[in-house]
Structures are given as structure tokens and as C-alpha cells.
Amino acid sequence: MEKKEFKAESKRLLEMMINSIYSQREIFLRELISNASDAIDKIYYKALTDDNLSFDQEGYYIKVTADKESRTLKISDSGIGMTKEELETNLGTIAKSGSLAFKSENELKDGHDIIGQFGVGFYSAFMVADVVTVISKALGSDVAYKWESNGTDGYTIEPCEKETVGTEILLKIKENTEDDNYDEYLEEYGLKSIIKKYSDFIRYPIKMDVTSRRPKEGSEDEFEDFAEEQTINSMVPIWRKNKSELTAEDYEKFYAEKHYGFDKPAKHIHINVDGAVRYNAILYIPEKTPFDFYSPDYEKGLELYSNGVLIMNKCADLLPDFFSFVKGMVDSDDLSLNISREMLQHDRQLKLIAKNIGKKIKSELQSLLKNDRETYEKFYQSFGRQLKFGVYNDFGANKETLQDLLMFHSSKEKKLVTLDEYVSRMPEDQKYIYYASGESMERIDKLPQTELVAEKGYEILYFTDDIDEFAIKMLMNYKEKEFKSVSSGDLGIESGEEEKASDEATNESKDLFDAMKNILSDKVKVVKASKRLKSHPVCLTTEGEVTIEMEKILKAMPNNQHVQAEKVLEINTNHEVFQSLKAAFESDKEKLSLYTNLLYNQALLIEGLPIQDPVEFTNDMCKIMV
Ligand code: ADP
Ligand code: MG
């Protein structure tokens, strides 16, 4: 038996590795299975050029066997095996990848299927094992060798018996300690779930002896355990399949199996890209909002696979925030992984993929909107808010991307409309896109401010979500049409007569309005005759950028900045109440004060704003009754 030290630098590297590279211990199984799969691939590639060699998929497998009693876990494969020299160079030198060498020696342009490249994965076995034994017989060789190491003192190599070509990796699983439990690597259930999680799409069957129960023969109430060999992995990644081979059910099944959500997806997107960057992806737009979606706990991201092996559970960089609701996976062979294969080294490819995916999601949503309105509206009810946040965030950087996906309810049919639909049916004389903010459609309908716009026959968008007005402020305009609140100072509705009449009325009653303004002091900026009121006596509008709705929302925020809307009290000079105001102004200043306060408080109520002094308000009401 020969005994050899690990090369000096290897010793340190190994310690480092075992303790720091991998964030999760269970990864060792992914690494050993990936190696086994690579070893089978190598026979496959050899067979392509060697006529004496045939490759019959059937005969190739990976097998995982656990024995609790002896605390051993065995991973065996029918792959290409290793010669004595290969055992030494590939396993005796850390960071030496026989697989990487194989790829270049064989000029495998398409050899991207082979997973190994760093030459460290094997050592992850020492995270869970005290001793690792490798028994291997290389293809074309008559002798087998046994390599053994405890991970610190070097390794031994000696000849041994092995009938078939291939490799067996035997792990002596560590004893449990107070903090660490290693038993799951010996238990059927634990092993099965690790295989499913990381290696489900390895192309060769990963077999395990699984115990099941069955009724004992000849007995009605007795059962017996029996071992049965099962293939644990699904093998064929559905994302590598042709879209035409797959049905909607296949995609739904994958969605459920992967636990992307408990709902059914509203839509799936299957992408196969074979260009500057190669990747496959299956993405889903869920139908229902996950319960934690609008909470800080929600983590966006897609599963990331490299060569069918899971690298990352939630790769956040693949999704922009405004599409954070998208679920699914991406598989690419072109990623530069870091040494633990848990993270990406530099993200040029990833950026390209992310950009590509973003575009694709947008165009799919657009086609959903165009071709399946009902489903789109359902989607929008669940995630529209996120799109609106997307318009608002990053100072509007993504507004171009998102504006065509937005929808609002409108006064025309009380249905959701897109901005494009709104603009394309605007009458010729309409200059602005009008909107009204409020708690609900019913409330907005009752707002006095909507009267003139509605009478003009112009459509009004209902902003009932607190983000709406902020998002639209960021958008500023759509197809060169500016957005305008029905409560804004200048509605831009040209109507010579009304305008003139109200200006005249304001001038005529200037003293009255000034007196009212004095009574209200800094509660309002100005009191004036209204151009927009038809049947209501009074309303509050605003001048400047901040509307009353925005003031309400900003007030409710934790870091209340005390932003105030510049409020204007508008009086309907055609209303009977105006005559009473005039009369009071002439003869009874106290009454004028009473009326003014009442009207102001009414306007607040209509806007859904709190009345500063409700007791005074009810006393005032009583005063006019007696
Ligand atoms: P990598 O897979 O990144 O190359 P590893 O440390 O996982 O690095 O493995 C080192 C090398 O050992 C592999 O490149 C391969 O040449 C060899 N090897 C490991 N496991 C096996 C196996 N089951 N069969 C054949 N060769 C193997
Ligand atoms: Mg490897």
C-alpha cells in the first residue's frame, strides 16, 4: 500500500474548503452525483468517436445506498472510472479537474453538458464524512484501485477487486454532535429530498433502495417491509423539451411540483434561447397574490440551474422588482459560477439573461392583455399594484416599459381601461387625461369636482389605490397627453361662457370671498367662484402639485413630512346657498362666519378629510336650525 501526503497547498485548501466554501452541507451529495453523471457522460462522448464502444443509455445509472448500522453512504456509478494515475491527480490534487481537461482534450464544443470544472466538489464529501473511500475501475482496464483518505493526513492507494467499470464512493458519515446532526444523510427520506432538490434533472437515473410495506402473503392483517429499487430523479428537464411536446397540464404540474405557488398559474412562458447567451427558462405568472407578496418578507427571484443542477434557489438578479411576482427557473450552461457553484462569479451573462427575461415577460403580458383580456384583468387585480410601484420607483426609470401594462377603472363603463384605450377614444377637443382620486369608485362618483368634466362627456379615470396618483405624477403624460386631476385649479376645459361667468362672479363678489377667506384664515389659500360645480354648492380643489389625496397618503406615512395641499374653496355662484351667503355678508357678519365654516366643513367631509372640530360643527348645524 502506498501512502501519500496531499500536496502542501492542498492541505490548507482542503481545510478552507471544508469549512468555508459551501453554505450548506447537503451540497456534498449534489457534487458527488454530478461527478458520477460526468463520468457517464464521458463514456457517452467517447462512444461518439470510438467504434468499438457503444453507448446504451439503459446500462448507465447512479446508485445511492445508505446503511445506518455502519453509518456508510455509498454513491456508485457505471461511468468511465479512474486509473491509478487519475485517482492520484484528480483526487489527490485539489483544484485539479479531470473533467475540465476532458472537455478541452476532446474538443467538446457541446461538452457544456459536463458539469465539473473547478476540481473541488469531490472534497465537499469531507463536510459529512470522516473517511472517504473511492473504489474505481477505469474503462479499458483490468485492475481496480482503492483510494482512501480522512481528509487531513493525505491518502492511500492500493489495488483492489472490482468487477465492473465505474466508481464507488464510500462515505463514513460523521457521528452526530450536540450541534450537528448527520443522520439525515443516512435516511431514506432525507436523501431522497436532497436528490430531488439539487439533482432532479440529472440525465441518468439516480437509484435508491426504498423500503415500502405490503400485505404479507397469505395473511389479511399482517404487513411486511420490502426493499424496492426506485429511480428518484425525473431525469428529463421539461425546459429542455420542445414546447410542442408539452401540454398546459405539464406546465401546471411542474408549477405545483416545484411549489412555486398553491394556485394555478395564470400563464406560463417557456423560453429557449440559443444566441449570444444560451439559456432555457420556464416562467410563470401566478394568478393569485401570495399572502406575503406585499410584505417585506417576500423574496423575489428565480431558481437558477447550470446544466440541470440547481445552483441557487432564488436568484434575485434575474427579475426586476416590478416583475417580482414572476416564478420559475432558468437553466444556462454559460454561467460563470464561483467555486462553490452556489453563486455567480461575475454577472455579464446573468445580466444579459435578466434583460432578455424582462423583455419577454413584458411582451407576454402585452399579448395576454391583447388576446385574453379576462385573464389579464385577473392578473392585474393581483399584481397591478406592483406595476404601478414600478412606474413610481427609481424616479420613473421604468415608466416606458410599464405604461402600456397599466389599467384603471374609468367612468365610462366602470371597467378597467388601459391608457391607450382612454387616449384613443378621447374627443377631439379634450386636452387632458382626467382622473379623480378617492377611496372607492362610489365615493369618487359623488365628488362635486367631477361634475363639469362628466358633463362635458369626458371619461374620468378612478384612482382608488394610494400609489395611483404618485405613479401618474411620475409618468407625467401618456402619448403626449398630460394627466389632470379633476380637483386641480385649471381643468383646461375651454368653455368661454362658463369661464367668463365665473370670473365675473368672482370679481363681483370679491369682497364677500375675501371676507370668507379671512374667516377661514390659513385653512385655505383662496375662496372663489367655481367653474366646475353644477349642482353642488361647494367643493375643495387644489393649486400646485400636491393634491388632497396625496396629502392624505403622505399624512398617513410613518415619516409624516407635513406636506400640505394648497386648498381652494370653490363656491357655486348659481346655487341658492350663494344668495344666503350674499345676504349674510350684507347684514350679519356672524351668520357669514357660521355659513362659511359650515360650507368648509362640508367640503372636507365630501373629500373624506377629517373635520378639525366636530363638536363645533354639530353646534353650528344646530344654530341654523333654531
Ligand atoms: P470537478 O467535478 O469540478 O472537476 P471534483 O473535485 O468534483 O471537480 O472532481 C475532480 C475530478 O475527479 C473530476 O474532474 C473527475 O476527473 C474525477 N472524478 C470525480 N468523481 C469521479 C467519478 N465518480 N468517476 C470518474 N471520475 C471522477
Ligand atoms: Mg465535480
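The text that follows goes from the domains to the ligand site and then to a few single residues.

This is a predicted model, in which local features need pLDDT of at least 70, side-chain atom pairs count only at pLDDT 80 or more, and totals for chains, interfaces and linings use all residues. Residues are numbered from 1 along each chain as its sequence is written, chains are lettered from A and ligands numbered from 1 in the order in which they are written, and side-chain values use heavy atoms, with hydrogens and water left out.

The protein is divided into domain 1 (2–231), domain 2 (238–374), domain 3 (406–483) and domain 4 (496–625); these bounds come from an automatic or database domain assignment. Taken over C-alpha atoms, the centres of domain 1 and domain 4 are 80 Å apart.

Around ligand 1 there are 19 residues, of which Asn35, Ser97, Gly98, Ser99 and Gln117 come nearest. A residue counts as near if one of its heavy atoms lies within 4 Å of the molecule. By class, this shell holds six nonpolar, ten polar and three charged residues, where Ala, Val, Leu, Ile, Met, Phe, Trp, Tyr, Cys and Pro count as nonpolar, Asp, Glu, Lys and Arg as charged, and the others, Gly among them, as polar.

A backbone N or O atom of Ser99 is 2.7 Å from an oxygen atom of ligand 1. A polar side-chain atom of Asp77 lies 2.9 Å from a nitrogen atom of ligand 1, and a side-chain N or O atom of Thr167 lies 3.4 Å from a nitrogen atom of ligand 1. Ligand 1 exposes 530 Å² when taken alone, and the protein buries 96% of that; the areas come from the Shrake-Rupley method with a 1.4 Å probe. Helix H2 (27–49), helix H3 (84–92) and helix H4 (98–105) are the elements that give two or more residues to the shell. H2 gives the most, with three residues. Helices (H or I, at least four residues) and strands (E, at least two) are DSSP runs, numbered from the N terminus.

Glu459 counts as buried because its relative accessibility is 4%; buried means under 20% relative accessible area, exposed over 50%, and partly exposed in between (1.4 Å probe, protein chains only). The side chains of Glu459 and Arg425 are joined by a polar contact of 2.6 Å. Such a contact is a pair of N or O atoms within 3.5 Å; within protein, one must be able to donate a hydrogen and the other to accept it, and residues adjacent in sequence count only if both atoms are side-chain atoms.

Cys315 is buried at 2% relative accessibility, and Cys539 is buried at 1%. A search of the whole structure finds zero disulfides, a disulfide being a pair of cysteine sulfur atoms within 2.5 Å.
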